[in-house]
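This briefing is for a reader new to the structure. Please look over the sequence and the model before reading on.

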Amino acid sequence: MRGDFSVFRANLLKWFRKEKRVLPWRTHPSLYRTVVSEFMLQQTQVDTVLPYFESWLRVFPGFAELAGAPEEAVLKQWEGLGYYSRARNLHKLAKSIQDMGIPKSFDEWLKRPGIGPYTAAAISSIAQGIPEPVIDGNVIRVLTRLSNDAKPILSSQEGRKRLLPLAQNLIDAQSPGDFNEAVMELGATVCRKARPACLLCPVRDHCEAQAQGSEADLPVIVRKATRRREVARLWLRKDDQLLVHIYPSDAKRLAGLAELPEIQHPENQQPILVRSRGISTEQVRESIFVLQASNADAEKWIGHPACHWVTLEEINSISLSAPHKRWIETILRAEMDA
């Protein structure tokens with residue numbers, strides 16, 4: 001990195017306090033609001049989170065209300081945000097805070113449910129003023145460009161470990177929360193992955209990559225190969241009821257959520273809907289087929305303890321995975337228009 005660290009901090013913080021986006025967890029800050037926002041923002045864009053955050057606060061305004069809620073209500077309120085393990089861990093965290101109190105350090109936060117190094121650093125610095133640097137994808141991009149570091153990053157964990165010394169040297173010990181938010185804000189709005197806005201950057205004079213003209217090439221991320229998978233799903237109606245599969249409690253990521261049952265891919269039959277989605281390093285193509293109740297694949301699920309008939313009126317009251325909720329709504333609209 002070029003120049004003096006103290007000048008870098010001052011320029012970055014001055015820019016942030018003037019240009020930062022107006023976000024509800026910033027305008028009315030609290031430990032609880034910081035925790036909820038950090039859990040929601042894991043692997044999810046800010047614009048997607050905003051309406052969910054406001055809705056969540058209306059239903060669960062604090063740790064006590066969240067801790068006392070049944071898991072089904074928590075999952076239902078989270079519906080649409082995906083990665084439901086985040087909701088379960090947030091629920092567990094609220095219970096642990098009710099039982100054990102609020103963690104007082106970065107290391108104590110790490111011992112709580114759903115808390116990794118990034119989330120522990122974000123919560124402890126923003127809400128408690130602890131000078132622990134955050135390192136997420138945006139921060140990795142800013143730091144590699146500042147230092148013109150072209151060494152391949154094999155994983156987020158490896159990148160964090162390598163860049164942590166620089167981040168620790170840079171952080172403003174007097175305003176660690178603002179500093180961490182400023183670096184993340186810079187990465188999200190100015191030091192972007194594509195077409196970085198270097199002319200608008202408040203710390204461009206400190207950036208080695210910008211001086212060398214290599215900013216667009218950094219960071220060098222080693223991507224995992226994408227695995228492709230085909231899945232067939234069952235659409236089975238009985239009058240005004242639809243058959244859904246509710247995952248048991250030991251299903252980890254999908255526990256408690258409902259989806260259309262998975263079946264063998266039917267031969268010589270066209271699906272009524274085909275959709276593709278990315279799940280981590282997988283690209284999944286899902287096809288939905290109408291089968292008669294007498295079909296062997298359908299019979300396997302009818303009466304299965306994990307499958308339930310739900311009325312069309314109940315569709316919006318059960319915890320459906322977000323893609324399946326959209327697909328069911330699409331098919332029902334098509335049936336009404338037919």
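The model is a predicted one. In it, helix H10 spans residues 137-146 and is mostly covered. The count of disulfides is 0.

**Helix H10**

- Of the 10 residues in H10, 8 are buried.
- The buried residues of H10 are Val139, Ile140, Arg141, Val142, Leu143, Thr144, Arg145 and Leu146.
- Among the elements that cover these buried residues are helix H1 (5-19) and helix H11 (156-170). Helix H12 (176-189) and helix H13 (208-212) also belong to that cover.

**The ends of H10**

- At the start of H10, aspartate 136 has a side-chain oxygen within 3.2 Å of the backbone nitrogen of asparagine 138.
- After H10 comes asparagine 148, which has a positive phi, near 55°.

**Cysteines**

- A disulfide requires two cysteine sulfur atoms within 2.5 Å, and by this rule there are 0 disulfides.
- Cysteine 198 takes part in no disulfide, and the cysteine sulfur nearest to it, in cysteine 207, lies 6.4 Å away.
- Cysteine 198 counts as buried because its relative accessibility is 16%, and the cut-off for buried is under 20%.
- For cysteine 201, the closest cysteine sulfur is that of cysteine 191, and the 6.4 Å between the two sulfurs is too far for a bond.
- Cysteine 201 has a relative accessible area of 11%, so cysteine 201 is buried.

Notes
Residues numbered from 1 in each chain as written. Predicted model: local features only at pLDDT ≥ 70, side-chain atom pairs only at ≥ 80, totals over all residues. Heavy atoms only, no water. Buried < 20%, exposed > 50% of the residue type's maximum accessible area, 1.4 Å probe, protein only. Helix = DSSP H or I, 4+ residues; strand = E, 2+ residues; numbered from the N terminus. Contact = heavy atoms within 4.5 Å. Polar contact = N/O pair within 3.5 Å; in protein donor to acceptor, adjacent residues only side chain to side chain.
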